[in-house]
Structures are given as structure tokens and as C-alpha cells.
Amino acid sequence: MRFPYWRHLAILLLLIYPFSGLESVAIGALATPIGSQLDKLFFYAILALGLNVCVGYSGLLHLGIAAFFGIGAYIAAILTTPSHPFQMEYFTAVALATVGAAVLGVALGAPTLRLRGDYLALVTLGFGEVVKAYFINLDNITRGAEGLTPIPSPDYLNVPLNWLSEALGQGPASFHLHYYLNLTFLVLAVVVLRNLENSRLGRAWVALREDELALTCMGVSATRVKLSAFAIGCGLAGLAGALYAFSIGSVSPTPFDFNLSAITLCCVILGGLGSIDGVLLGTGLLYGFDRIVSPLVDSAMPEWIKQYFTIGNWRLMIFGLALILMMRFRPEGIIPSKRVQRELHEFDAKGGAA
Amino acid sequence: MIPTLLAVDSSAWQIFVQHCVTGLANGMLFALIALGYTMVYGIVELVNFAHGDLVMLGSFFALFCISTLGFGALGSSTAGTVLLLVILIAVTATAAALVNWLNDRIVYRPLRKAPRLAPLVSAIGISFVFMNIGSAISGARPASFGQNDLVSNVNLLGDYGIYITMKDVMVIGITIPIMIALTLFVKHAKLGKAMRATAQDPVASQLMGIPSDRVIGATFAIGGALAGAASVMFGVYINQISFTMGYTNGLYAFTAAVVGGIGKLPGAVIGGILIGLIRSMVSGYFEERWATAIIFAVLVLILVFRPAGLLGDRRREKV
């Protein structure tokens with residue numbers, strides 16, 4: 001089945017969730033209720049899906065995805081914030097942020113995509129640093145380390161939600177507007193990617209990952225395929241960035257660093273390279289662990305352990321070990337794409353790796 | 001980061017020479033780290049992302065030796081300081097070599113035949129682990145490398161417009177012999193020849209009876225030792241270490257290796273010096289905050305016009 005019923009079920013559950021009253025239930029000593037984390041989860045999922053297009057489908061190791069996330073966020077912020085002259089509307093800003101990030105992705109890709117894989121990794125990594133330097137140093141546009149704020153929300157969209165919650169007698173918490181917007185964009189992204197996966201372009205991406213030479217011999221331009229993967233991957237990252245800017249209401253340079261790129265890569269690899277379900281699950285698990293499980297466990301731990309060990313302080317260690325162990329024992333991720341799984345285990349069959 | 005201690009009335013050329021000296025000393029350190037990247041890349045085609053963080057851990061280890069183990073007591077006289085530096089470098093290099101060898105043995109070796117993404121991602125994982133260990137040791141704030149300067153910061157040229165200190169002399173005086181020794185080793189020693197053979201064709205060299213896994217392990221150990229030596233000098237030279245320094249310096253060093261032509265030992269040295277010079281020139285004549293951006297712009301330009309680096313061969317990728 002192309003779109004099994006449990007996906008509809010998941011979407012339905014997510015749709016009614018804000019009206020269930022569950023979102024205001026705080027578990028334990030958690031300061032923020034779980035529900036208010038979900039809308040952030042959605043744009044991180046879009047970001048991971050974007051990275052998945054580059055790394056998972058096409059096999060281009062992109063280590064600067066956070067830069068494009070940041071570019072999207074800054075474009076959206078600059079176009080809407082009152083202190084800048086544009087003050088555009090929500091959807092225009094989101095669209096322009098997506099397109100802007102995609103164009104910059106192509107601009108970065110065009111000169112560098114003929115490089116070999118590892119060089120590409122380095123250039124994207126370096127590009128991430130350069131972009132961050134711009135965010136910090138272009139004071140009169142980005143306001144430097146201070147960042148841009150406020151980023152106005154499209155409040156007119158609240159009207160139907162408010163009407164609905166009044167009719168149900170169940171008031172959703174304040175996160176509901178961005179919750180629905182982000183969820184909509186996530187569903188859209190998933191639908192588009194699912195269709196792309198089986199299209200001519202999607203198959204070209206996979207062919208690029210598996211054997212670039214064979215792809216070119218079939219008369220497909222490898223450069224074009226790579227550029228399209230970069231454009232769509234970076235564009236999705238830009239979309240995610242714009243949603244981030246609107247959901248958080250402000251942007252500043254610090255979140256868009258290598259850590260974000262690496263953690264997004266963790267999401268993709270943990271869930272399963274090249275598999276949409278996998279990436280969604282990976283994002284959920286990783287951010288769920290980071291934002292919900294680890295503060296919960298930390299707050300529940302007795303003082304004498306906390307002195308020496310909190311998950312919050314050792315999260316990089318945990319992520320690092322997870323990456324190493326995944327690569328060693330299950331490189332295809334939790335929900336692998338069948339094709340990637342076969343590729344990655346090719347060497348087992350030959351009796352290679354122990 | 002780079003101390004700018006210029007006399008007020010320096011003339012233009014004195015300022016220029018000053019930036020060259022600072023750039024050279026910094027560049028030598030980058031080169032030493034870059035050698036570790038390039039050796040490992042040359043033999044297993046792996047970008048060892050954890051290498052920069054190994055340098056960071058090395059610096060903390062050296063600091064631990066000085067302050068907690070009391071090695072610092074040696075540094076009271078000139079001869080004592082030299083002895084201290086030698087001991088520190090030897091101990092740290094050994095420890096770093098061991099750690100890097102273990103990395104290879106535990107993490108990379110099982111992935112030798114896996115697709116290239118697998119060891120690369122593992123390397124990022126190791127880098128995370130190292131960074132976390134570093135932050136656990138140091139806390140969020142940077143640590144000072146000993147209360148007083150271990151090596152004097154006094155201008156050797158006296159009251160002259162150019163500022164050259166014992167630290168610059170130390171860095172250049174230690175790195176150059178190491179580099180010469182490394183070049184001779186790779187060229188003439190049996191292990192060095194084995195390393196070159198394995199880099200050239202792992203299967204053929206294995207057929208000739210070269211134990212490739214051991215040779216690769218040795219390469220990691222040597223790269224780690226160079227990182228250890230660099231980390232001691234880094235701590236002494238900059239005098240301030242933090243757990244994030246591995247990432248930045250690793251990135252610079254790897255850029256140096258690529259700029260020079262990855263896999264080539266002289267390339268790494270030239271690349272390192274070039275990066276050091278660019279950095280000090282940008283900081284000196286422009287603004288330091290743009291240094292990273294300009295270095296990466298240079299990197300992209302070099303990769304676009306000479307994808308194999310300055311000294312690399314223009315060989316097509318093997319099919």
C-alpha cells in the first residue's frame with residue numbers, strides 16, 4: 001500500500017491532539033509541557049527530511065545543513081520583522097525563504113559538486129562556518145549576536161482555531177497556531193518527497209548514490225541530478241528555518257552551528273538513510289530524548305548522582321556513541337529503506353567485514 | 001587569539017614582518033595537525049573528524065601533567081623548561097598516539113570494507129565523544145595553561161619594532177625537526193615504505209606480505225603523536241585552551257591539508273603555513289572576525305580551480 005492507514009491515523013491523532021487537553025499536562029518536574037515541544041519537532045523533521053534528500057537519497061554528505069536552516073530563518077525574519085522595511089506576509093516570507101535557501105544551495109553546489117565526496121563534506125562544513133560568520137558580522141542587517149526580534153505571527157489564521165476551540169469548549173494552549181502550520185508543511189513535505197521518491201528524479205538520485213559512473217553512462221547528467229538534490233534538500237532546510245523563525249519569534253546566530261548539522265545527521269542515520277518513515281522516527285526519538293526524556297530523567301535522579309552525572313551534560317557523548325554503534329551494527333538505521341539496507345550489507349555477503 | 005603586541009611606531013614593513021612571524025608560528029601548528037589528517041587520509045581515504053578534538057584532549061592532558069602531576073615544577077630554570085617541554089611532548093604524544101591507535105582498532109578497523117559514509121559518520125561520533133570528555137574536564141570556561149607563561153613572552157629582539165618571542169622560536173624550532181624526521185621516516189624506514197605501499201594499493205601491498213591493518217594502525221599512531229606534540233605547543237603558545245578549540249583548529253588544519261593536496265606530506269606543511277599566514281594577515285590588516293570566512297573562501301576557490309590541491313596530482317578518480 002502506498003499510504004497505509006496508520007499514517008492517516010498518525011495525522012488524525014496529531015490533528016486532534018491540541019484539543020485533547022493533554023498538552024497542558026506537565027509530567028514530573030518538566031517546566032514545559034510536552035505538547036509545546038511538538039511544533040518544534042515538526043520543523044526539525046522537515047530539516048531532517050531535507051538532509052535526507054542530500055545524504056540519504058543521493059549520497060552527498062552535506063555537513064552544513066544548519067547554514068541553510070539559518071538562511072531560511074534569517075530570510076523569513078528579515079522579510080517580516082517590523083524593524084526592516086519589507087514586512088511581508090507569512091506565506092510569502094515562507095515561500096521566499098524556501099526559494100532563497102534553494103538558490104543558495106545551488107550557488108554553493110555549482111562550483112563544488114564536481115568534487116569528491118569528502119571534499120564536498122569539507123566545503124559544506126566550511127560554508128556553514130562562513131554563513132555563521134555572516135550572521136554574526138553583518139550587524140546592520142542581522143543585528144549581530146543580538147539577533148532579530150520580534151517576528152510577527154500570522155494572527156488572522158487564529159480565527160478558525162479559536163472558533164473551533166470555543167465550539168468544543170476545550171481551549172488549546174498558545175502553541176496551536178504554529179503547531180498546525182508546521183504540521184501542514186510537514187505533511188506537504190512528506191507527500192512531495194514520497195512522490196519524488198518514485199519519480200524519474202528520485203530514481204536518478206538513488207542511481208547517483210549507487211553508481212555515478214553508471215548514471216552518466218545512461219545519459220543522465222550527474223551534475224544536474226546533484227544540483228537538484230542540493231536545491232531540494234537546502235530548500236526544505238530553508239522552509240524548516242522559516243518555520244523555526246515564526247515559531248520561536250526571534251532569530252540569533254547561535255543555534256545554526258555545526259552541532260545542529262551533526263544532530264540532524266544523527267536523526268537521519270538513526271532512523272534510516274533514505275527512508276522517510278525512518279527519518280521521521282529518528283527525529284522523534286532524538287529530539288524526544290533530548291527535550292523530553294533527558295530532562296525528565298535528570299530531574300528524577302537523586303542529588304548524589306546528579307553531582308557526577310546528568311544526561312544533559314553527557315548528551316554529546318551519548319549521541320556520539322549512538323552514531324558509532326549504529327555505524328558498526330546497524331548502519332541502515334531503525335526503519336531502513338530496503339535498497340539502502342542491501343547496499344550497506346553488500347560487503348557482509350562477500351565475507352568481508354567481521 | 002593572536003597576541004598583537006606591536007610597538008606603536010612600527011613602520012609598514014615592520015608590521016608586515018610581524019604578521020608573517022605570527023602567521024608562520026600559527027601555521028606551523030596547523031601544519032603539524034594537518035599532517036595527521038593527511039597521513040590518515042592518504043592511507044585509508046578517511047577524513048578523521050576526531051583529529052582536531054584529539055589535539056584538544058592532548059592539550060588538557062598536558063595541562064593535567066603540568067598542574068596535577070606537578071611537572072610544572074621543572075620549569076624554573078632554562079634547562080628545566082627545555083626538559084619540561086621535551087618530557088611533556090613525549091608523554092602527550094605517546095598518549096595521543098595510543099588514543100588514536102585505539103580509535104582505529106576499535107572503531108575504524110571493523111568498518112574497513114563498509115561504504116565510505118560509515119567510518120566518516122563514526123569519526124563525527126568520536127569527535128562528539130572527545131568534545132564531551134573535554135567539556136567534562138574543563139567546564140564551559142576556557143582553562144589557562146599554567147599561571148605564568150611556561151616559555152617566556154619577552155621580545156628577543158629587544159626594543160625593536162618586530163616582536164619575536166621565545167614562543168615563536170620554540171614552535172618553529174620544534175616543528176621543523178619533527179617534519180624533517182617524518183619525511184625521512186616515510187621515505188626510508190621500512191614502516192614508512194610499507195605505509196606508502198599500502199596507500200598506493202592496499203590489495204597489492206597485502207599480497208606482497210605487508211600487514212596492512214598493522215601499517216594503518218601505525219599510521220594512526222604517528223598521526224596521533226603529531227597531534228599530541230602540536231597540542232602541547234598549542235597550549236604553551238596560546239596559553240588558553242577550551243573544549244571547543246578542537247573543532248576550529250581541526251577545521252583549519254583539515255583545510256590546510258586539502259589546500260596543499262590531501263595525502264601529500266609537503267602539501268600539508270605548505271597548506272598549514274598558508275592558512276596561518278592568511279589568518280594573521282586578515283586579522284592584522286582587516287578584521288579578525290572575518291578570518292574564518294576568508295579562509296573558507298580561499299578553500300572553495302582552490303578546490304574549484306585546482307581540485308587536487310596545490311601539490312596534488314591531477315589524477316582522475318579510480319573507477
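Among the contacts in chain B that join residues at least 6 apart in sequence, 73% link residues at least 24 apart. The model is a predicted one, and the values given here for both chains were computed from its atoms. For chain A, the corresponding share of contacts between residues at least 24 apart, again among those at least 6 apart in sequence, is 76%.

The secondary structure of chain B consists of 11 helices and 2 strands. Read from the N terminus, these elements follow the order α-α-α-α-β-α-α-α-α-β-α-α-α. Chain A, in turn, has 17 helices and 0 strands. Of the 319 residues in chain B, 54% are buried, and buried residues likewise account for 54% of the 354 residues in chain A. The accessible surface of chain B amounts to about 13600 Å², with 67% of that surface belonging to carbon and sulfur atoms. For chain A, the accessible surface is about 15400 Å², and carbon and sulfur atoms contribute 66% of it.

The contact between the two chains involves 43 residues from chain B and 45 residues from chain A. Together, chain B and chain A bury about 4000 Å² between them, and 77% of this area lies on carbon and sulfur atoms. Of the area that chain B buries against chain A, 16% is supplied by B:Phe128, B:Asn132 and B:Tyr247, which is more than any other three residues provide. On the chain B side, helix 4 (117–138), helix 9 (245–260) and helix 11 (291–305) each supply at least two of the residues that touch chain A. Helix 4 of chain B provides the largest share of that side, with 14 residues. When the residues on the side of chain B that touches chain A are sorted by class, 33 are nonpolar, 5 are polar and 5 are charged.

Polar interactions across this interface were also counted. Between chain B and chain A, 4 residue pairs are in polar contact, with both residues of each pair at pLDDT 80 or more. The interface of chain B and chain A holds 0 salt bridges, whereas the structure holds 7 salt bridges over all chains.

Several salt bridges can be described individually within chain A. The side chains of A:Glu210 and A:Arg209 meet in a salt bridge with an N to O distance of 4.0 Å. A:Glu210 counts as partly exposed because its relative accessibility is 35%, a value that falls between the limits of 20% for buried and 50% for exposed residues. A further salt bridge connects A:Glu212 with A:Lys226, whose closest N and O atoms are 3.3 Å apart. This pair links distant parts of the chain, with A:Glu212 in helix 10 (residues 212–217) of chain A and A:Lys226 in helix 11 (residues 222–248) of chain A, 14 residues apart. The two partners fall into separate classes of accessibility: A:Glu212 is partly exposed at 37% relative accessibility, while A:Lys226 is buried, with a relative accessible area of 8%.

A salt bridge is also formed by the side chains of A:Arg330 and A:Glu332, for which the N to O distance is 3.9 Å. Here A:Arg330 counts as partly exposed, given its relative accessibility of 34%, whereas A:Glu332 counts as buried, at 3%.

A:Ser294 is located in helix 13 (residues 276–300) of chain A. With a relative accessible area of 6%, A:Ser294 is buried, since residues under 20% are placed in that class. The side chain of A:Ser294 reaches the backbone oxygen of A:Asp290 at a distance of 3.3 Å. When residues up to four places away in sequence are set aside, A:Ser294 touches A:Phe289 and A:Ile311.

Terms used. Residues numbered from 1 in each chain as written. Chains lettered and ligands numbered in written order. Predicted model: local features only at pLDDT ≥ 70, side-chain atom pairs only at ≥ 80, totals over all residues. Heavy atoms only, no water. Contact = heavy atoms within 4.5 Å. Buried area = accessible area lost by both parts, 1.4 Å probe. Polar contact = N/O pair within 3.5 Å; in protein donor to acceptor, adjacent residues only side chain to side chain. Helix = DSSP H or I, 4+ residues; strand = E, 2+ residues; numbered from the N terminus. Nonpolar A, V, L, I, M, F, W, Y, C, P; charged D, E, K, R; others polar. Buried < 20%, exposed > 50% of the residue type's maximum accessible area, 1.4 Å probe, protein only. Areas by Shrake-Rupley, 256 points an atom, 1.4 Å probe, with all protein chains shown as cover.
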